[in-house]
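Good morning, everyone, and thank you for making the time.

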Amino acid sequence: MKYASLGSGSRGNATVVEHQGECILIDCGFSRKSTLQRMAQLDLDPAQLKAVLVTHEHSDHAKGVQTLCDALDIPFYTSFGTARKMEWLEHSRWRCIRSEQPLELIGLKITPVCVPHDAQEPLQYVMNNPQGMKLGILSDLGSLTPHIVEHYSGCHALQIEANHDPHLLQVGPYPPSLRVRVAGNYGHLSNQQCAELVARVQWGGLKRVSAGHISEKNNDRNLVRELLAPLLNCHPADVDLLEQDVVSDWYQLT
Ligand SMILES: [Zn+2]
Ligand SMILES: [Zn+2]
């Protein structure tokens, strides 16, 4: 199993997970054309893509889902709430998934996990391969719950949101109502909350942490590096941060 980010941030998110020559996308917040271009940079053929799992209806996650899946003739999986909001309940490619009810795709066991975020029924995902490796993808949540800590414990790789620095958010360009939303329990994870989760799920098997959904207006990437480096026992420069406009390298879980 390996994964890569096609891009991460408020203007679009998509993560590709590959296993035995087939792949799935977690979210498709880019246009079909841009998604396929980004996949090509990872030497992926569109025919390898078997499904898209959607976390929630916000456009930076769901914008390209329907057109991509229609073009490639593949299904997309979402919660009932996400599908209702997107008006996908009657769509022939839609498959309903529920929190806590694992499904199997491309040989991976995928468990949807409900998270607190201001969407209809948001889910995030943990994936296990048959060899026992575990990957966690976690973004767009306003707070940490025992449920989340439980599900993301034991990961060998973790892609997690580090959205904002609380002080930069307060002095930044957002209007007060949006600031309250982002900082709230159903908003986005601050750098400190990200670090707290990493500390709580840290164990000897966790080999890779990638921080994403980093705000361009309310954060400073160096702050993320400085917070995570001591937890990961690495130099700040070696903390892996995802980019909005750059496709990441593959990371292989072994
Ligand atoms: Zn988002
Ligand atoms: Zn969102």
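Predicted model: local features only at pLDDT ≥ 70, side-chain atom pairs only at ≥ 80, totals over all residues.

Let me begin with a question: are His117 and Asp140 buried or exposed? Both His117 and Asp140 are buried, where buried means under 20% relative accessible area, exposed over 50%, and partly exposed in between, with a 1.4 Å probe and protein chains only.

Residues are numbered from 1 along each chain as its sequence is written, chains are lettered from A and ligands numbered from 1 in the order in which they are written, and side-chain values use heavy atoms, with hydrogens and water left out.

Donors here are N, O and S atoms within 2.8 Å of the metal (3.2 Å for Na, K and Ca), and because water is not among the atoms, sites may look incomplete. Asp140 also bridges this zinc ion (ligand 2) and the zinc ion (ligand 1), the two lying 3.6 Å apart. His117 is in the loop between β8 (108–114) and β9 (123–128), and Asp140 in the loop between β10 (134–138) and α5 (146–152), so the pair ties together parts that are 23 residues apart in sequence. Helices (H or I, at least four residues) and strands (E, at least two) are DSSP runs, numbered from the N terminus.

Let us turn to the strands, which pair if DSSP finds at least two bridges between them. Strand β3 (residues 22–26) is mostly covered, with four of its five residues buried. Strand β2 (residues 14–19) runs antiparallel to β3 and is joined to it by five bridges, with Thr15 standing opposite Ile26 in β3. The two strands form a hairpin with two residues between them, and Gln20 in the turn has a positive phi of about 50°. On strand β4 (residues 49–53), which runs parallel to β3, the joining is by four bridges, and Cys23 stands opposite Leu49 in β4.

Finally, a charge sits over a ring if NZ of Lys or CZ of Arg is within 6 Å of the ring centre and within 35 degrees of the ring normal. Arg38 lies in this way over the face of Phe30, at 3.8 Å from the ring centre.
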